[in-house]
Amino acid sequence: MEDTRIAIIGLGYVGLPLAVEFGKILPTIGFDINSSRIQELKNGYDSTLEVDSQDLNNSKKLTYTSELNDANSCNIFIVTVPTPINKDKSPDLDPLRAASIAIGGILKRGDIVIYESTVFPGATEEICVPILAKYSGLLFNQDFYCGYSPERINPGDKEHRISNIKKITSGSNKATALKVDELYNLIISAGTHLASSIKVAEAAKVIENTQRDVNIALINELSVIFNKLNIDTQEVLKAAESKWNFLPFYPGLVGGHCIGVDPYYLTFKAIEVGYQPEIILAGRRLNDGMGEYVADRVASLMKLKSIPINKANILILGFSFKENCPDIRNTRVVDLIERFVSFNCKVDVYDPWVSKVDSIKEYNIETIETIETGKYDAIVLAVAHDIFKNMTEKELRLAGKEKHILFDVKYLKNTTEVDGRL
């Protein structure tokens with residue numbers, strides 16, 4: 001693959017680690033429409049904290065640009081743009097379409113376009129390929145080719161990195177599939193799984209997170225039941241885990257750009273072809289309602305302690321969608337906040353991992369920089385950051401008034417240390 005020149009389209013949590021790995025061995029151009037993002041990477045800093053400065057510096061063949069024309073000499077384009085959902089839960093494919101239009105403008109004969117963004121089965125060939133053909137004037141599988149290799153990035157996870165996670169690969173014909181597989185094997189030490197078609201690869205990706213979502217929904221429902229039975233959910237789960245084939249899932253707020261989104265891509269396509277999903281959508285509804293459920297639990301505990309909920313001061317510890325990560329995309333902590341606000345509470349959010357600028361821009365929520373002592377009627381541990389895990393019960397309760405509630409969403413503390421948990 002001596003003449004291979006790669007362009008990575010989108011330099012977020014998925015695209016940047018990929019660009020860095022390819023940039024160690026092949027001429028690679030990292031493209032992003034956000035010029036400030038390009039500038040910070042040129043300065044050797046990654047605000048997502050997925051790649052450290054040393055790795056950025058070690059990627060000697062990687063250059064950055066916000067002008068896609070700079071990549072017109074490339075012959076492999078890898079698309080890693082986000083695929084979110086609209087307010088009605090339908091797939092938002094605008095970023096994918098925009099990337100395909102842009103690539104179509106510089107596509108040449110013999111080029112391969114590989115998509116990594118999570119989509120429903122069929123999206124690459126039904127939506128992206130016609131756009132590429134239209135804007136390039138080239139014929140699919142004759143002049144240009146496509147592949148699909150779904151991302152498996154786990155933000156904030158320093159153990160499972162791009163190179164040691166097995167990669168699914170596929171192509172629009174047999175020869176292209178083999179080229180795509182060979183390409184990824186250059187950087188993936190864990191190896192690859194060559195799928196029989198692009199549709200199979202798309203489906204495999206979308207069910208990975210759908211399966212997790214449904215499993216967590218079951219545990220969330222069990223936690224609701226066990227609470228009504230006055231049984232500690234964690235103790236039940238620990239007992240059940242003593243059996244070798246019990247799957248270790250825990251209740252919580254299910255957000256992020258994958259688990260809280262991907263199932264809607266699959267159900268959208270299912271409905272389109274005439275099947276009404278039952279289990280998947282039921283799981284989504286249950287998980288989407290957990291923020292309100294937690295707030296209602298806290299309100300009930302406050303009532304038991306004769307703490308007025310109206311005008312109460314609430315402290316939420318954690319705002320990102322998962323632990324030890326600054327990513328706030330589709331964080332379901334927002335649901336918790338909105339529910340407390342509907343009770344006429346004053347809510348403060350503290351998360352040292354999260355950019356104040358990003359939280360204001362994305363959700364119009366201004367996080368606090370320090371925690372005031374003796375101010376709060378309720379304190380909610382919402383995200384399992386190490387900083388919160390390492391705080392003692394006494395340190396956590398310092399923020400509370402003489403009468404207050406300490407509620408643990410993430411099982412960071414023992415049952416005896418908190419007033420309630422999932």
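Modeller: Gladly, and one term comes in handy at once: contact, or touching, means heavy atoms within 4.5 Å. This is a predicted model, in which local features need pLDDT of at least 70 and side-chain atom pairs count only at pLDDT 80 or more, while totals for chains, interfaces and linings use all residues. Residues are numbered from 1 along each chain as its sequence is written, and side-chain values use heavy atoms, with hydrogens and water left out.

Colleague: Which residues does Ile9 touch, not counting residues up to four places away in sequence?

Modeller: Ile9 is among the residues with the most contacts inside the largest nonpolar core. Leaving out residues up to four places away in sequence, the partners of Ile9 are Phe31, Leu68, Phe77, Ile78, Val79, Thr80, Val81, Ala99 and Ile103.

Colleague: How many residues does the largest nonpolar core have?

Modeller: A nonpolar core is a set of buried Ala, Val, Leu, Ile, Met, Phe, Trp, Tyr and Cys residues joined through side-chain atoms within 4.5 Å. Buried means under 20% relative accessible area, exposed over 50%, and partly exposed in between, with a 1.4 Å probe and protein chains only. Along with Ile9, the residues with the most contacts inside the largest core are Phe77, Val79, Val113 and Tyr115, and its total is 39 residues.

Colleague: Which helix gives the largest share of this core?

Modeller: Helices (H or I, at least four residues) and strands (E, at least two) are DSSP runs, numbered from the N terminus. The largest share of this core is six residues, and they come from residues 123-136, helix H5.

Colleague: Is Ser170 buried or exposed?

Modeller: Ser170 sits in the loop between strand E7 (167-169) and helix H6 (174-185). A polar atom of its side chain lies 2.7 Å from the backbone oxygen of Tyr148. The residues that Ser170 touches include Ala177, Leu194 and Ile198. With a relative accessible area of 0%, Ser170 is buried.

Colleague: What is the volume of the largest cavity?

Modeller: On a 1 Å grid over the protein atoms alone, a cavity is a set of points where a 1.4 Å probe fits but cannot get out, and a pocket is an open set with protein on both sides within 12 Å along at least five of seven lines; lining residues have an atom within 4 Å of a point. Grid points are joined across faces, edges and corners, and a volume is the space filled by probe spheres set on the points. The structure holds one cavity of 30 Å³ or more. Its lining includes Val14, Glu116 and Lys167, and the volume is about 60 Å³.

Colleague: Is Lys167 buried or exposed?

Modeller: Lys167 is found in strand E7. Among the residues it touches are Glu116, Glu151 and Tyr184. At a relative accessible area of 4%, Lys167 is buried.

Colleague: Which element gives the largest share of the lining of the second largest pocket?

Modeller: The second largest pocket has a volume of about 1,200 Å³. Its lining has 41 residues, with Asn154, Arg212, Ile259, Lys322 and Glu323 nearest the centre. Helix H7 (198-228) and helix H14 (386-389) are the elements that give two or more residues to this lining. The largest share, five residues, comes from H7.

Colleague: What value is phi of Asn141 near?

Modeller: Most residues other than glycine have a negative phi. Asn141, in the loop between H5 and strand E6 (145-148), has a positive phi, near 60 degrees.

Definitions and conventions. A polar contact is a pair of N or O atoms within 3.5 Å; within protein, one must be able to donate a hydrogen and the other to accept it, and residues adjacent in sequence count only if both atoms are side-chain atoms.
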